[in-house]
Amino acid sequence: MKTYNDQTKIAEHYNLISPYYHSLWGEHLHHGYWVTGKETKEEAQLALTKHLVDVADIKSGSKILDVGCGFGASSIYLAKNYKAETTGITISSVQVEMAQKAAAQANANSKFLLMDAEAMMFDEKFDVIWSIESISHYKSKENFFKRAVELLKPGGAVTVIDWFKKENLPLGQTNKYITPIEKGMLVELQTMQDYISILKANGLTISKIENLNEHTAKTWDISLDIIKDKAFWRLALENGSEFINFLKAFRAMKNGFSSGNFVYGLIVATKI
């Protein structure tokens with residue numbers, strides 16, 4: 001089966017798109033979480049971070065590894081509001097630079113490193129391994145979770161929000177709803193149960209599972225409006241078919257949500 005989550009292409013993609021995406025979507029490179037439906041996209045994005053903090057019961061002063069940190073906004077928020085010591089990693093050199101500048105401006109206790117999440121190298125251990133919308137990019141989720149658990153202190157938690165596919169999807173539904181997302185977004189979608197099984201196999205206890213679709217689907221209504229910006233399409237024409245597939249995948253994401261075949265899920269697992 002063909003996969004699209006090639007690490008080199010992912011790094012190139014985010015190095016190219018990050019400044020444009022930041023200018024149009026904001027400091028958080030993830031979905032929004034709507035409660036009333038009236039929130040701005042910025043309020044909704046921050047609400048998603050706050051929701052994971054609340055569900056995972058993040059303690060003040062925690063040492064947190066933010067895996068796939070994007071522009072660094074979650075790390076900076078945790079450092080400023082929870083006195084956390086945060087370290088963010090990403091394979092995009094452009095994102096590292098953007099995150100470092102943002103942390104300096106915020107005077108946050110956050111550092112950002114260029115590092116492969118599937119080969120994390122730290123001498124220290126963490127209270128929390130935090131990841132929002134990153135793991136679906138990885139070739140080996142098993143390698144990532146194994147290393148994440150090794151880096152976790154006893155009593156610590158792996159806190160994940162990620163993209164998934166519905167359980168037991170027929171091939172026709174997979175080809176119609178999931179493959180266009182994988183192709184355009186450079187991901188390989190597993191089920192929530194796949195992640196849960198890997199976490200349990202590594203000795204963790206699952207403390208929270210949540211399907212967030214109802215609160216996050218509005219993201220793609222807004223995103224489809226955003227990509228009407230001609231700058232995106234000019235960029236696509238300059239950078240070829242993969243970028244065009246990325247923009248086309250915005251519609252695929254909305255269809256995935258509408259059909260229920262795409263799942264936007266939260267998992268918290270604890271190391272006893």
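Which residues do ring pairs link into a cluster? I looked this up before anything else. The cluster joins Tyr-138, Phe-144, Phe-145, Phe-164 and Tyr-195. I took rings of Phe, Tyr and Trp (its six-membered ring) as paired if their centres lie within 6.5 Å, with planes under 30 degrees apart called stacked, over 60 edge-to-face and the rest tilted.

A note on the source: this is a predicted model, where local features need pLDDT of at least 70, side-chain atom pairs count only at pLDDT 80 or more, and totals for chains, interfaces and linings use all residues. Numbering runs from 1 along each chain as its sequence is written, and side-chain values use heavy atoms, with hydrogens and water left out.

Back to the rings. I find 10 aromatic pairs in the structure. Phe-122 and Phe-126 have ring centres 5.3 Å apart and planes at 85 degrees, so I put them down as edge-to-face. Phe-122 is buried at 11% relative accessible area, and Phe-126 is buried too, at 0%. (Buried is under 20% relative accessible area, exposed over 50%, partly exposed in between, with a 1.4 Å probe and protein chains only.)

Next, helix H6, residues 171-185. Helices are DSSP runs of H or I, at least four residues, and strands are runs of E, at least two, numbered from the N terminus. I checked the span of H6: 15 residues at 1.5 Å a residue should give 21 Å, and the end C-alpha atoms are 20 Å apart, which agrees. The expected span is 1.5 Å times one less than the number of residues.

Its buried residues are Thr-174, Tyr-177, Ile-178, Ile-181, Glu-182, Gly-184 and Met-185. Just after H6, I noted Leu-186 with a positive phi of about 60 degrees.
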